[in-house]
Amino acid sequence: IWLRCDVTRSSPTDNPPPALRAVDGAETTFREARLAELWTVRALHRESFPHAYSFWRIVGFHLSGNGRIWLAIEDGQPVGYLILAISGYVQPYRMVGEIISVAVRPGARGRGLGRKLMAHALDFTETAGLGEVYLQVAVSNALAERLYESLGFQRCRRLRHYYVDGE
């Protein structure tokens, strides 16, 4: 589990503009996925993970009222997504965000879109007043671990056999 305890920025900045330029100059926009686009989210998920969530699990995140699913759009086409769930805890009372899943279409990787999706979600969690954000990542995914560490996440503990493949 990777945890980011303080989601506020170390130096306050204005929120980034809704359209950002990728390394190759493509314009990327972010927006919440609509119900009709959840099959697209699932397709993107299946392209990235060997044990993909069912369509109905993704629908559940969308309809729960305590989560967000954002799409990264380039040239009118979805190229990535991020799913965030928000939970409340009682002892002590606090609101916490969990990055459930983030992925970028294989052909669009290496241009900073995963970082931009994460930054978009962290901006949201800051605005929403969440004090913590956490996520899980496979220990074999060193690239993602470096990304999360660069965004201020710290490794808290290892959950053995968290993933279906035993990792």
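The legends below describe several close-up views of a predicted model.

View 1. Of the 167 residues in the protein, 42% are buried. When contacts between residues at least 6 apart in sequence are considered, 63% of them join residues at least 24 apart. The protein exposes about 9,500 Å², and carbon and sulfur atoms supply 53% of this area.

**View 2. Confidence along the chain, and the segment of residues 9-23.** The mean pLDDT of the protein is 81, and 77% of its residues reach 70 or more. Over residues 9-23, however, pLDDT stays under 50, although the model has 26 contacts beyond four places in sequence for this segment. Where pLDDT is low, the predicted coordinates should not be read in detail.

View 3. Strand β3, which spans residues 27-32, runs antiparallel to β4 and is joined to it by 5 bridges; one place to look is threonine 28, whose bridge partner in β4 is glutamate 74. Strand β4 is mostly covered, with 7 of its 8 residues buried. Between β4 and β5, which also run antiparallel, there are 8 bridges, and among the paired residues are isoleucine 69 with isoleucine 83 in β5, and isoleucine 73, which stands opposite proline 78 in β5. The hairpin of β4 and β5 has 2 residues between the strands, and in this hairpin aspartate 75 takes a positive phi near 50 degrees. Strands β5 and β6 run antiparallel and are joined by 10 bridges, with leucine 84 standing opposite isoleucine 99 in β6.

**View 4. Helix α2 and its two sides.** Glycine 65, which follows α2, has a positive phi near 85 degrees.

**View 5. Helix α4, seen down its axis.** The residues Ala144, Glu145, Leu147 and Tyr148 are buried in α4. They line one face of the helix, because, seen down the axis of α4, the buried residues fall within an arc of 160 degrees. The exposed residues Leu143, Arg146 and Glu149 are carried by the face turned away from the buried side of α4. As for what comes after the helix, α4 is followed by glycine 152, whose phi is positive, near 100 degrees.

**View 6. The largest nonpolar core, and leucine 82 within it.** The largest nonpolar core of the protein has 25 residues, and those with the most contacts inside it are Leu82, Ile99, Met118, Tyr148 and Phe153. Two or more residues are given to this core by each of β4, β5, β6, α3 (113-127), β7 (132-135) and α4 (142-150). Helix α3 provides the largest share, 5 residues. If its neighbours within four places in sequence are left aside, leucine 82 is in contact with Arg68, Ile69, Trp70, Ile99, Ser101, Val102, Leu117, Met118 and Ala121. A second, separate core has 17 residues, including Leu44, Ile69, Leu71 and Ala103.

**View 7. Leucine 44 in helix α1.** Leucine 44 is found in helix α1. Is leucine 44 buried or exposed? With 1% relative accessibility, leucine 44 counts as buried, because residues under 20% relative accessible area are placed in that class. Beyond its neighbours within four places in sequence, leucine 44 is in contact with Leu71, Pro78, Val79, Gly80, Tyr81 and Arg105. The C-alpha atoms of leucine 44 and proline 106 are separated by 9.1 Å, while the two residues are 62 residues apart along the chain.

Definitions and conventions:
Residues numbered from 1 in each chain as written. Predicted model: local features only at pLDDT ≥ 70, side-chain atom pairs only at ≥ 80, totals over all residues. Heavy atoms only, no water. Helix = DSSP H or I, 4+ residues; strand = E, 2+ residues; numbered from the N terminus. Core = buried A, V, L, I, M, F, W, Y, C linked by side-chain atoms within 4.5 Å. Buried < 20%, exposed > 50% of the residue type's maximum accessible area, 1.4 Å probe, protein only. Contact = heavy atoms within 4.5 Å. Areas by Shrake-Rupley, 256 points an atom, 1.4 Å probe, with all protein chains shown as cover. pLDDT = per-residue confidence, 0-100. Arc of directions from axis to C-beta. Pairing = 2+ DSSP bridges.
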